[in-house]
Structure formats: structure tokens, C-alpha cells
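Reader: I'm new to this one. Could you walk me through it, one question at a time?

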Amino acid sequence: MSNEKEIREYVKNKINEFDNEYLIIDEFCGGYMKTRADFALIKKDSFILVEIKSNKDTLARLENQIRDYGLYANNVLVFLDIVHKEKFLKMRE
């Protein structure tokens with residue numbers, strides 16, 4: 001069973017604790033984006049795209065997703081289940 005829902009709710013709660021002025025839009029895809037972000041955070045002068053990789057996901061598309069999101073967003077946040085730690089660290093080398 002995927003833990004994406006739990007990660008998604010945890011992240012949203014933490015964001016709201018940090019700054020509750022963000023509008024959160026689930027499954028965001030807009031304009032010329034080639035990929036869909038798990039959600040977007042929007043407020044004046046700030047547009048952040050968020051990608052979540054659960055325990056059942058792979059990282060196969062992650063580089064392309066980050067590249068695509070980076071064309072449009074001020075920042076890109078990625079939240080990974082711990083099962084992806086080693087592979088993610090190798091991607092960064």
C-alpha cells in the first residue's frame with residue numbers, strides 16, 4: 001500500500017504551520033508543463049511546485065519532473081519516502 005496520502009497530508013500540514021497564506025492546488029498542471037506536480041503552493045510573488053515520491057513510486061521520472069517544474073516555479077520541493085534515500089543521493093553525484 002502506498003503512503004503517498006500520508007506524506008501529502010503531513011507536508012500540507014507543515015506548510016500551513018509555517019505559512020498559512022499559501023493557496024494549495026492539488027495535481028497542478030498548467031500552461032506548457034509536460035508533467036503534473038502533486039501540488040502547487042501559490043501566494044503573492046511565490047509559486048512553488050511540490051513532488052512526492054511514496055514508498056511505491058520510482059525515481060525514473062524525477063529528473064524530468066524537476067527540470068520541467070523549474071521552468072515555471074520559483075522553487076521546487078521534493079519529498080521522498082526513506083526507501084528512495086540511497087538512489088536519490090546517487091542521482092545527485
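Reader: Where is Asn3 found?

Author: First, a note on the source: this is a predicted model, where local features need pLDDT of at least 70, side-chain atom pairs count only at pLDDT 80 or more, and totals for chains, interfaces and linings use all residues. Residues are numbered from 1 along each chain as its sequence is written, and side-chain values use heavy atoms, with hydrogens and water left out. Helices (H or I, at least four residues) and strands (E, at least two) are DSSP runs, numbered from the N terminus. Asn3 is found in the segment before helix H1 (4–18).

Reader: What do the buried residues of H2 pack against?

Author: Buried means under 20% relative accessible area, exposed over 50%, and partly exposed in between (1.4 Å probe, protein chains only). In helix H2 (residues 62–70), the buried ones are Leu62, Gln65, Asp68 and Tyr69. They sit on the same side of H2, because they cover an arc of only 130° around the axis, taken from the directions from the helix axis to the C-beta atoms. Their packing partners are strand S2 (37–43), strand S3 (46–53), strand S4 (75–80) and helix H3 (85–91).

Reader: Which side chain makes a polar contact with the side chain of Tyr69?

Author: Tyr69 lies in helix H2 and is buried, with a relative accessible area of 0%. Its neighbours include Met33, Leu49, Glu51 and Val76. The Tyr69 side chain also reaches the backbone nitrogen of Ala37 at 3.5 Å. The side-chain partner, at 2.6 Å, is Glu51.

Reader: How many residues apart in sequence are the parts tied together by Glu27 and Arg8?

Author: Glu27 and Arg8 form a salt bridge, their closest N and O atoms being 3.0 Å apart. Glu27 lies in strand S1 (residues 23–28) and Arg8 in helix H1, so the pair ties together parts whose separation in sequence is 19 residues.

Reader: Is Asp19 buried or exposed?

Author: The side chains of Asp19 and Lys43 meet in a salt bridge at 2.3 Å, N to O. The pair links distant parts of the chain, 24 residues apart: Asp19 is in the loop between H1 and S1, and Lys43 in strand S2. Lys43 is partly exposed at 25%, whereas Asp19, with a relative accessible area of 16%, is buried.

Reader: How many salt bridges does a search of the whole structure find?

Author: Some are linked in a network, with Glu4, Arg8, Lys12, Asp26, Glu27, Arg36 and Asp38 as its members. For the whole structure, the search finds nine.

Definitions and conventions:
Contact = heavy atoms within 4.5 Å. Salt bridge = Lys/Arg side-chain N within 4 Å of Asp/Glu carboxyl O. Polar contact = N/O pair within 3.5 Å; in protein donor to acceptor, adjacent residues only side chain to side chain. Lists of a residue's contacts leave out its neighbours within four places in sequence.
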